[in-house]
Amino acid sequence: MSKKLIFPILATILFLNGCKPEDAFDGPDLEDIYGPFFVSELLTISDESIDLASGESTRFNAKFSKNLNWKLEIIGLSSGARHVHEEFSSIMDYNWNGATSILPMFRQESCEVRLTFENQLDTLRDTLAVQSIRPLQGFVLSDFESGVNPDWDPFIQSGSNMSFTVRSNGQAAQGNNYYDMGGTVTWDWLIGLLDIPASAYNVEHFPLSNNPSDVYFNTMIYKPAAYDNGLTLIQFREDDNGDGNYTSGQEDLWAFEISGGSDGWSTISKRYSDIVTLVNGSETAPIGNGLHEPDKIVKVSILFLANPASGYSQAYLDYITFTTGGPLQP
Amino acid sequence: MKINYIALVVSVLLIETTAMGQQETRKITFTGAARAQFYSDYYQSQNEEDTITVPKLNSGNTLVDLGVIMRPNPQMEIQGMVRVRNDYGGFWGAGVSFDVRQLYVKGVAGGIVRYQLGDINYKLTPYTLWNTQQELISNTPFSFQQQTDVVNYDHFYNNDNSWRQQGASAEMAFEFGKWIREIEIKTVATRLKTTDFSQTNDRIFSGFHLGLVQSEHLRFGFNYTNVFDIYGTSRSMATFHHPVMTVTMNYYRKVGSWLHTLEGEAGRSNWYYKQEQDDSIPDWQGKFADAKYKLRHSDNGLYGSVQVKYVSSDFRSIGAQTKRVNFNGSLSAFQRVGNAQVLRPITMVDLMRESGLYPTQLQTNLMAFAPQYDNITPYGEATPNRQASIIKVGYENKKSPLSASVTYYRGQEVRGEGTTTLRGFERYEVDASFNAGRFISADDKDASVQIRVRNDRTSRPGTESVPGINLSSRTLTAGMDFEFKKQWHLIGAFQLLTYTGFELKSIKDFNDEIYNFSELNLEGSEQLASAGFKYSFSDKAFLSVQYYKFFNNNNELDEALFTDKQWMLLYQINF
């Protein structure tokens, strides 16, 4: 074969190889945009009576004629709790373990199941029953179901309309009870506080991992629509020197603030390694050894504050817990 | 292998620059250009009584580009050029601007390395660094081309397809005794972006060419370009990287009166961000191959070529795919029109004169394009997602006043968009010109007629639910230049674009990923006609007065139905 022909032959082979049609394509499937929509397999629920306390879950299945955005909502008919799952697919195969997207958490109640589709009128509906609530997660400081721990050390200013108390009126984020913090203090930012020592749980230090990236502090907090002036300060005192006590000005005091946010209940989760030292709300250098050591926490303090000139302020607390490996999944 | 001789550099260079040649050259030379341009526009809506838009607009400017070339020694040349511009209507200095237009130092180091620092014009290959001409208004008759030339000159768009960059380049060559005749090495590095000390890193373009000349018949090349961010020049943790690597081959052989040429280029590209936390940013890895066989008869003027090419959907080469026209740019003349003051769509007239549509910097992402103007090769030879065969046959002979060519392009996508069914592309183009000057006059006066017809068609079969694509556009261009009296020219031109059909245009995100499609029901036309006179003072200076009438119509927008009448006065001199 002539050497002169080598390049043209190679080029032709290369080109013909390139001419092979590709199975994949770029962008969204046009059939999903233009194709007709219908439900080819109706919604089914594997377990319509689910016992969350024992770790049960239930599976939702359905099939559609094309890929599209669909939204599954599970709504507690008594609590108003919501779980929302959205996906772009033509096959629904989704497992629900009782998790809540919008607080309060699911209680023992009947739930409506609703499946809707983007740009389609169709809505599929069903019901299921929650037989028991989800088990508590992590090292729980309190869910207030048994009131305030008697070994906590609360301080409440002598202002007006003070309401540092446990309430049970159907508004709890989890279970039946929550802690109501409110009042008017005209001479000080502090309205009231809860000191939660490790000794309240019969331990010297809270039983947490020594890896600060693995430990999360979580709480559920409620902001009333009528009051925007509340500020919740969470403090963590460490026993850096191992003497069993926190020494002010010598050992680490980590803190973070919660303010603003949307009305109603929300879950606040903070990774312990992300918490800083605050002085008057501003980040500052650590006081002690500068190491985040969750296994050396001796006291957690929850301070409810407001500008003295701003009048009455209020917030609710529920389900205060340390979790390991990730934030609280309500 | 014995190296007989090193340092070929570069008698061609010496002639080219005229600065470092054997002949005696002046130490200081003045160079530059001057231009006066005036437009008088009249806009008229055809669809409604537009009581908002001011219909008449006068604009223009006078400018001088004044350059000084200094040659402190025979091996060095320094050029600085300033632009002084005065917009008509400026008063007591208002509207006057002074800019540094170009600045460079070049020369030969040690008699071996040719270098240039500062502003440089550089190109490599059509798939690595190549400034592709703008669609629709390139290679048009002089009546239109004179406006395009002004835009091209202002933006440093040269006929050699080079990009104007700021940086440094170096070239050298080695000559050998046998087996290999010559090895040439070219390098270039330019800065595309400067850091803002926040989220934008310094971005560098670098290029390298290694050429191997085996003989007068055969040469090979290796080309490498890389666009990359310099980590640490901003707070951004992500750095952009975009290497492109190609190999080229050229083979020439004359058999009888026929010159056979075989050209080929193939390569790969990569486009990615590094150290980026967000894993949604894709890593585009593409490839291409292009082979072309050309044949030309040295006596009778016949020539032809056959080209086959494959450019994968993921092939990216911003040095070759950056477009001259930014179709997302804003207009300065009649930017908003109609009683609703909607944005006026870009038309072929705007491509000829709107300076704001033309970027000068390489763009990281594929730029927007207008399917009605060019849906087949919007990014030039390096247009991704194309596999095609192109056949061209032509005739050009100095002894004949007639020259003509016919080009046929047939191709399809490599990977479908939204479906595995591929778009098909078809184009045929006929160019013909008749230069009768030498044949009708002993004075060698200009007398030429030029005509071009181009038909483009894009198609893709639909399904029961997905509409098919069928977009066609036709362009007819004609022009004449008649020197009716020594140095006095009567010139005129006409261009008609019609387009009709349906196309699904892909909508891409910042990372060039298609996330949706937009339906384009295109039906419209653009007509531009011009007539006027040109007086040529010399080869380097002319005065032109032209009248243009433009008509635009499309079904997308009521306000797009309008006419634009324009007088233009252009005086141009290069020195």
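## The contact between chains A and B

Chain A brings 21 residues to the contact, and chain B brings 26. The model behind these counts is predicted.

Three elements of chain A each supply at least two residues of the side that touches chain B: helix 1 (6–18), strand 1 (25–26) and helix 2 (30–34). Helix 1 of chain A gives the most, with 5 residues. By class, the side of chain A that touches chain B has 13 nonpolar residues. Another 5 are charged, and 3 are polar.

## A strand pair across the chains

Strand 1 of chain A also pairs with a strand of chain B. Its partner is strand 19 of chain B, residues 416–417. The two strands run parallel, joined by 2 bridges. Within strand 19 of chain B, E417(B) is the bridge partner of D26(A).

## A sheet in chain A

Chain A holds an open sheet of 5 strands. Their order is 9-12-19-14-15, and the pairing is antiparallel. Strand 9 (153–156) and strand 15 (253–259) of chain A each have a single partner strand, so they stand at the edges, and one side of each is left without a neighbour in the sheet. On average, neighbouring strands of this sheet are turned by 15° against each other, direction ignored.

## Strand 9 and its partner

Which strand of chain A is joined to strand 9 of chain A by 4 bridges? The partner is strand 12 of chain A, residues 190–197. These two strands run antiparallel. I156(A) has G192(A), in strand 12 of chain A, as its bridge partner.

Terms used. Residues are numbered from 1 along each chain as its sequence is written. Chains are lettered from A and ligands numbered from 1 in the order in which they are written. This is a predicted model: local features need pLDDT of at least 70, side-chain atom pairs count only at pLDDT 80 or more; totals for chains, interfaces and linings use all residues. Two strands pair if DSSP finds at least two bridges between them. Axes are lines fitted to C-alpha atoms, for helices over the stretch in contact, and angles run from 0 to 180 degrees between N-to-C directions. Two residues are in contact if their C-beta atoms, placed from the backbone, lie within 7 Å. Ala, Val, Leu, Ile, Met, Phe, Trp, Tyr, Cys and Pro count as nonpolar, Asp, Glu, Lys and Arg as charged, and the others, Gly among them, as polar.
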